[in-house]
Amino acid sequence: MFNPDIYRHDFPILSQQIYGKPLVYFDNAATTQKPLCVVEKIKSGYLEQNANIHRGVHFLSERATEAHEAARQKVQQFINANSSNEIVFTRGTTEAINLVAFSFGETFCKADDEIIVTEMEHHSNIVPWQMMCERKGAILKVVHFDDNGVLNIEELRSLLNEKTKLVAIAQVSNTLGTINPVKEIATIAHQYGAKVLIDGAQSIPHIKVDVQSIDADFFVFSAHKIYGPTGIGVLYGKETLLEKMQPYQGGGEMIQKVTFEKTTYNELPFKFEAGTPDFIGSTALAEALNYVEKIGMANIAEHEHQLLCYAQEKLSAIEKMRFFGNSPKKSGVLSFLVGNIHPYDMGSILDKLGIAVRTGHHCAQPVMDHFGIEGTVRASFSFYNTKEEIDILYNGILRAQKMFKN
Amino acid sequence: MTLNEKQDAIIAEFEFLDDWLDKYQLIIDKSQSSKGIEDKYKVEENVIEGCQSKVWVAAEFRDEKVYYQGESNTDIAGGIVCMLVEILSGETPDDILNADLYFIERIGLKEHLSPTRSNGMLAMIKQMRIYALAFKSQNN
């Protein structure tokens with residue numbers, strides 16, 4: 001039996017009191033808390049190993065370079081990429097998508113080509129594609145979902161054609177929790193010669209990811225969603241594609257030779273890493289990946305699934321409770337509204353009870369439009385959450401309901 | 001009652017509430033029992049857009065005094081706009097422009113003054129002062 005209490009000690013922030021009440025942290029889809037080992041890694045990185053990497057001949061620079069490249073290999077192993085050349089460090093998911101939208105767009109897309117996204121994407125997997133389409137004269141198409149939050153695969157099939165260059169889709173919806181069948185989607189898209197970008201921001205902390213098994217052309221995620229530091233993320237891209245794509249930003253690190261007449265670019269993955277990379281953040285990310293591996297991704301998934309089932313059952317007993325996202329395959333995200341209590345009001349009262357949830361449109365306004373609502377309250381779970389905390393949320397909602405006479 | 005007497009009356013209401021939830025209850029009750037805003041004023045031009053809540057504020061100028069109305073789609077922002085309306089309504093533009101709204105800090109709502117707070121209390125006050133300023137310059 002998985003016992004979250006064993007791991008809660010690794011997260012000192014969780015034992016805080018908020019307005020005199022124990023913190024219940026249910027905003028994990030926004031960012032996860034950091035275990036001591038990750039914080040220690042950042043600290044020791046700066047205190048013992050800080051020197052700019054790559055071209056340095058001195059001891060510290062070589063050590064820092066080795067650690068940074070070892071982190072890249074850790075990421076490669078964690079998502080089962082074929083080569084560490086396929087792992088590009090970015091500032092996060094958003095930058096990784098922007099990178100692909102730019103570099104893939106400039107290299108492979110022309111007027112009247114088509115890009116497919118879904119109605120359940122985070123804005124960061126919509127807007128970069130809109131910008132690219134505008135630049136290239138390409139067309140953005142949208143696959144919709146049903147009222148349970150299940151994607152319409154038939155619609156995807158009907159939208160695909162020889163003009164489709166890429167399908168961009170979240171593996172897990174940040175608002176609905178839906179786990180999309182990305183392997184099946186990649187297979188369908190590939191039949192039409194389209195590439196697939198999978199936004200793994202919400203799947204990476206919850207599901208064991210194997211980029212080769214799902215046959216992703218691109219897979220992106222942020223370190224801070226998986227117990228790592230903020231400001232660093234990962235772009236995985238198939239080597240053959242990354243080789244052909246033109247660079248995103250120019251600067252140091254990404255060049256081979258610079259003259260005023262012509263500049264040649266560095267090899268992968270450095271071609272896409274202009275400037276000094278976050279070589280401390282990368283090692284802390286690797287530490288976070290080691291940490292979750294030690295717990296076991298299967299154990300994490302199982303415990304979070306139990307929490308979700310418990311929460312759905314418990315909260316569904318509340319009068320006028322409405323859930324958004326009832327996909328049979330669902331990750332630990334619970335979006336809801338109670339009667340006509342505005343999500344902002346509900347979130348504010350829960351806050352005063354020490355419960356951290358997110359309220360609003362969750363950067364997914366098309367999802368809100370689908371249901372004709374302005375926003376939801378979202379509780380999102382991590383392996384360190386407990387059933388007792390869900391009981392506190394339940395009581396908090398009842399308390400708020402009473403206060404709003406609703 | 002003067003503007004400051006109205007502030008003091010509100011401070012007195014909150015004075016013995018040391019629990020945050022009791023304070024919020026009072027704010028919610030103010031919103032739920034408020035007259036709100038007349039339908040003719042509940043229009044897009046009068047919206048003060050917060051990140052998550054929507055607030056409507058309108059003002060009329062009669063006998064040298066400003067009369068405000070306000071409403072929100074959330075009860076917490078609604079209660080806050082309601083208190084501002086209560087305090088600033090019926091005052092002259094000069095009194096509104098020069099008002100020191102000390103009640104905010106005294107009842108413990110100072111955190112709501114942060115520009116990043118989604119209920120946009122700062123934006124509400126600014127909009128209400130803009131009305132006062134507009135009436136004042138019209139009058140001169």
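In chain A, 23 residues of domain 1 are in contact (C-beta atoms, placed from the backbone, within 7 Å) with 21 residues of domain 2. This is a predicted model, in which local features need pLDDT of at least 70 and side-chain atom pairs count only at pLDDT 80 or more, while totals for chains, interfaces and linings use all residues. Residues are numbered from 1 along each chain as its sequence is written, and chains are lettered from A in the order in which they are written.

**The two domains of chain A**
- Domain 1 covers 4-30 + 296-403 and domain 2 covers 38-293, with bounds from an automatic or database domain assignment.
- Their C-alpha centres lie 28 Å apart.
- On the side of domain 1 that touches domain 2, helix 10 (297-316) of chain A gives the most, with 5 residues; helices (H or I, at least four residues) and strands (E, at least two) are DSSP runs, numbered from the N terminus.
- That side of domain 1 has 11 nonpolar, 8 polar and 4 charged residues; Ala, Val, Leu, Ile, Met, Phe, Trp, Tyr, Cys and Pro count as nonpolar, Asp, Glu, Lys and Arg as charged, and the others, Gly among them, as polar.

**Where chain B meets chain A**
- Here 13 residues of chain B are in contact with 12 residues of chain A.
- Helix 2 (20-32) of chain B provides the largest share of chain B's side, 5 residues.
- By class, chain B's side divides into 6 nonpolar, 6 polar and 1 charged.

**The largest nonpolar core**
- This core has 143 residues, and A:Ala288, B:Leu84 and B:Met128 have the most contacts inside it; a nonpolar core is a set of buried Ala, Val, Leu, Ile, Met, Phe, Trp, Tyr and Cys residues joined through C-beta atoms within 7 Å.
- Helix 3 of chain B gives the most to this core, with 10 residues.
- Both domains of chain A give residues to this core, so it lies between them.
- Beyond its neighbours within four places in sequence, A:Ala288 is in contact with A:Val38, A:Ala223, A:Ile226, A:Tyr227 and A:Gly228.

**Helix 6 of chain B**
- Among the buried residues of helix 6 (residues 121-139) are B:Met124, B:Met128 and B:Phe135; buried means 20 or more other C-beta atoms within 10 Å of a residue's own, exposed 12 or fewer, and partly exposed in between, with C-beta atoms placed from the backbone.

Conventions
The expected span of a helix is 1.5 Å times one less than its number of residues. Two residues are in contact if their C-beta atoms, placed from the backbone, lie within 7 Å.
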